[in-house]
Amino acid sequence: MNERIPTPGSRDETTTFADAPPRAPLRPVARPGAGARPAPSARPADHPPVEHGRIGVLIVNLGTPDATDPESVRRYLKQFLSDARVIEAQGPIWKLVLNGIILRTRPAQKGRDYEKIWNREKNESPLKTITRSQSEQLAGLVAPVDDRLVVDWAMRYGNPSMESRLAALQARGCDRILLVPLYPQYAAATTATVCDEAFRALMRLRWQPTLRVAAPWYDDPVYIEALARSVEDELAKLSFTPEVIIASFHGIPKEYFDKGDPYYCHCAKTHRLLGARLGLDETRFRLTFQSRFGRAEWLQPYTDMTVKALAESGTKSLAVITPGFTSDCLETLEEIAGENAEIFLHNGGENFAAIPCLNDSGPGMEVIRTVVLRELQGWIDPPA
């Protein structure tokens, strides 16, 4: 006896099987989150209980040393600068420079920089304080959407490690996890290395959770509007009106861009959209790149050189925003609000303002919430 069984998704194509048993009619299955939960399946009496059915959201920031002493900073810098996504030339010469020079000289200096911004009440960096708060607030924002959601946070370098928090989410029954690198603009040295570390952790698991990675949001209208509102609110608090506003993004070596990294394009689009929203042309709203390292050419124009040139050319009032950072950190609080303010004032400038990042503010949390709920589509029901 032959039976013609329709191929799924097609009314015309069929496959013939010899002696195929009759098929029972399909029954609709309630999808989790859309009503009734499926009944638990039977398992052997000695089977250990396994938590499952939850959905994790892991937000990930760059990282921070655990303390400001040289050994803590050295440990952090070694992990950071040994990443081939950050420094692609990880050959013998670089390892000699890293271990023989950088890790001997820079930890004490960077430790003093961290001391200037350290959260002494919690004995941690502001980046850790803010990222924790973002995670806690996000958990409250998404809880009404779906009670299966579990939110956690991690650092790519330092603690809490990504591996430990992925393991913690799985232990809480998260068999699906959304990974959210907290970088609005994609770069291999930021977003991609978060993905690398996540998959390295999954390689050691027998039962891997299903993983999604949130897309960058450099041109998302909610993000652009949040930035614009933040700039407008902060400018209204100032006792002066900036003649020029700089949008300073973290730099990358120009070689990385030449190899195909889209980071510059993402930053340029954020700058263009934000400038249009604020009604500022390119003479009043400049795009620059900060935090260069080593002797190689990085993305230009450089922030510090632009700040110096503006002061020397007669600009008296300047404000700097850092749209590529979701949280204030060493690069914004010490490098921009400290070093670049000093450069500007030392070269003839009179008024300088560093605009805070979105951080865990209301608009900032709305951006993260929007990204998370967008990326969870198909796993949860759309919010009412």
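Residues are numbered from 1 along each chain as its sequence is written, and side-chain values use heavy atoms, with hydrogens and water left out. Because the model is predicted, local features need pLDDT of at least 70 and side-chain atom pairs count only at pLDDT 80 or more, whereas totals for chains, interfaces and linings use all residues.

**Stop 1: the sheet E4-E3-E5-E6**

Select the strands E3, E4, E5 and E6. Helices (H or I, at least four residues) and strands (E, at least two) are DSSP runs numbered from the N terminus. These 4 strands form an open sheet in the order E4-E3-E5-E6, with parallel pairing; two strands pair if DSSP finds at least two bridges between them. Strand E4 (149-158) and strand E6 (210-213) are at the edges, each with a single partner strand, so one side of each has no neighbour in the sheet. From one strand to the next, the twist averages 25°. Axes here are lines fitted to C-alpha atoms, for helices over the stretch in contact, and angles between N-to-C directions run from 0 to 180 degrees.

Next, select residues 54-64 and 174-181. These are strands E3 and E5, which run parallel and are joined by 7 bridges. Val-57 stands opposite Leu-178 in E5.

Continue to the pairing of E5 with E6, which is parallel and has 4 bridges. Within E6, Thr-210 is the bridge partner of Arg-176. The chain passes from E5 through H5 to E6 in a right-handed β-α-β crossover; right-handed means that, with the strands pointing away from the viewer, the path from the first strand over the helix to the second runs clockwise.

Helix H5 (residues 188-202) lies across E3, E4, E5 and E6, at about 110° to E4. Helix H3 (residues 126-142) lies across E3 and E4, and its direction is at about 165° to E4.

**Stop 2: the sheet E8-E7-E9-E10**

Select E7, E8, E9 and E10. This open sheet of 4 strands has the order E8-E7-E9-E10 and parallel pairing. Its edges are strand E8 (285-290) and strand E10 (351-354); each has a single partner strand, so one side of each is left without a neighbour in the sheet. The twist averages 25° from one strand to the next.

Strand E9 (residues 317-321) pairs with E10 in the parallel sense over 4 bridges, and Ser-317 stands opposite Asn-351 in E10. Helix H9 (residues 303-312) packs on the sheet, where it touches strand E7 (244-250), E8 and E9, and its direction makes about 135° with that of E8. Contact means heavy atoms within 4.5 Å.

Colour E8 by accessibility. Of its 6 residues, 5 are buried, so E8 is largely enclosed by the rest of the structure. Buried means under 20% relative accessible area, exposed over 50%, and partly exposed in between (1.4 Å probe, protein chains only).

E7 and E8 pair in the parallel sense over 6 bridges, and Gln-290 in E8 is the bridge partner of His-250. Select Gln-290: with 3% relative accessibility, this residue counts as buried.

**Stop 3: aromatic rings**

Show the Phe, Tyr and Trp side chains. The whole structure holds 8 aromatic pairs; rings (for Trp, the six-membered ring) pair if their centres lie within 6.5 Å, and planes under 30 degrees apart count as stacked, over 60 as edge-to-face and the rest as tilted. Trp-94 and Phe-293 form an edge-to-face pair, 6.4 Å centre to centre with 85° between the planes. This pair links parts of the chain 199 residues apart, with Trp-94 in helix H2 (residues 92-117) and Phe-293 in the loop between E8 and H9. Trp-94 is buried at 13% relative accessibility, whereas Phe-293 is partly exposed at 26%.

Then select Phe-249, Phe-257, Tyr-264 and Phe-289, which ring pairs link into a cluster.

Arg-212 lies over the face of Trp-379, 4.1 Å from the ring centre, and Arg-292 lies over the face of Tyr-302, 4.0 Å from the ring centre. A charge sits over a ring if NZ of Lys or CZ of Arg is within 6 Å of the ring centre and within 35 degrees of the ring normal.

**Stop 4: Ala-226**

Finally, select Ala-226 in helix H6 (residues 221-237). Ala-226 is buried, with a relative accessible area of 4%, and touches Leu-358, Pro-363 and Val-367, not counting residues up to four places away in sequence. The C-alpha atoms of Ala-226 and Met-365 are separated by 9.4 Å, although the two residues are 139 residues apart along the chain.
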